[in-house]
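Visitor: I've got this one open and want a quick tour of the packing. Can you load it and talk me through?

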Amino acid sequence: MSIYTIKEVSERLVKASRELYEQGLVRGTSGNMSAKIPGTDTFLIKPSGARMGFLKPEELVLVDLQGNKVRGELNVSLETPMHAVVYRARSDVQAVVHTHAPMATSFGIAKTDILPLQVEMFMLLPNGVPVVPFEQPGSETLAEAVQKKIADYDAVILENHGVVTVGPTIEVACNLNEMVEEAAKIQLAAMTLSGRDALDLAKLKEKFKT
Ligand SMILES: [Zn+2]
């Protein structure tokens, strides 16, 4: 295992965490993110209780794909089982980002899926962002519920909780988290202006394909 690679992944994770904080997608100690160490069955994850905006590379904890700590001083994030299950389910996924982005989280409270109403969102997430039914944070049942959905979606909303996005790199998973929040804002505004007419997905699919 290359130490340089761990160092590189740590630095990218810290930078991305700071950016999510600066954009207001995470606040206080909420949210967590992780990334696989290329060529290994391990990933680095935020420690429990740390603030995303103020992480240090040496604070990140290295764990295996069962979620067991391999290296690190601090305790692993509460949501480590959810991250581990995503990596086990999707070999293409190299990074997992979980935030409590306020607008997307509000959609989860309203049990309302986010739909690809805007053309860029349609290209990124043509199937939209479904709501995963509520399970206790940090539980194996939450991890299982996310595993069921993540096979078909790169982004899901956790009911009354937050957002999970995945990607082939840290930056792609973060971009998706930002786009889900943006799509939630757009959907709310569109529904305010045009009611449920804005949600005619069949009509939109036809429009975007041509
Ligand atoms: Zn959470």
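Visitor: Which residues have the most contacts inside the largest nonpolar core?
Guide: Val146, Ile157 and Val180, in a core of 59 residues. A nonpolar core here is a set of buried Ala, Val, Leu, Ile, Met, Phe, Trp, Tyr and Cys residues joined through C-beta atoms within 7 Å. Buried means 20 or more other C-beta atoms within 10 Å of the residue's own; exposed means 12 or fewer, partly exposed is in between, and C-beta atoms are placed from the backbone.

Visitor: Which element gives the most to this core?
Guide: H6, with eight residues. Helices (H or I, at least four residues) and strands (E, at least two) are DSSP runs, numbered from the N terminus.

Visitor: Before we go on, what sort of model is this, and which pLDDT limits apply?
Guide: This is a predicted model: local features need pLDDT of at least 70, side-chain atom pairs count only at pLDDT 80 or more, and totals for chains, interfaces and linings use all residues. Numbering starts from 1 along each chain as its sequence is written.

Visitor: Back to H6. How far does it reach?
Guide: H6 covers residues 170-194, 25 residues in total. From first C-alpha to last it reaches 36 Å, close to the 36 Å expected. The expected span is 1.5 Å times one less than the number of residues.

Visitor: Now Val146. What is it in contact with?
Guide: Leaving aside neighbours within four places in sequence, Met82, Val85, Val86, Val132, Val156 and Val164. Contact means C-beta atoms, placed from the backbone, within 7 Å.

Visitor: How do H2 and H5 cross?
Guide: The axes of H2 (residues 80-89) and H5 (residues 140-150) come within 8 Å and cross at roughly 30°. Axes are lines fitted to C-alpha atoms, for helices over the stretch in contact, with angles from 0 to 180 degrees between N-to-C directions. Residues making the contact include Met82, Val85 and Val86 of H2 and Leu142, Val146 and Ile150 of H5.

Visitor: Switching to strands. Why is S5 called largely enclosed?
Guide: Five of the five residues of S5 (residues 95-99) are buried, so the rest of the structure largely encloses this strand. Ala95, Val97 and Thr99 point one way, Val96 and His98 the other.

Visitor: What does S5 pair with?
Guide: S1 pairs with S5 in the antiparallel sense over four bridges, with Asn32 opposite His98. S8 (residues 162-167) is also antiparallel to S5, over five bridges, and Val96 has Val166 as its bridge partner. Pairing needs at least two DSSP bridges between the strands.

Visitor: And S1 with S2?
Guide: Those two form a hairpin with five residues between them. S1 (residues 32-36) and S2 (residues 42-45) are antiparallel over three bridges. In the turn, Gly39 has a positive phi of about 80°.

Visitor: Which residue has a positive phi of about 50° although it is not a glycine?
Guide: Lys111. It sits in the loop between H3 (102-109) and H4 (119-124). Lys111 counts as exposed because it has 12 C-beta neighbours inside 10 Å.

Terms used
Contact = placed C-beta atoms within 7 Å.
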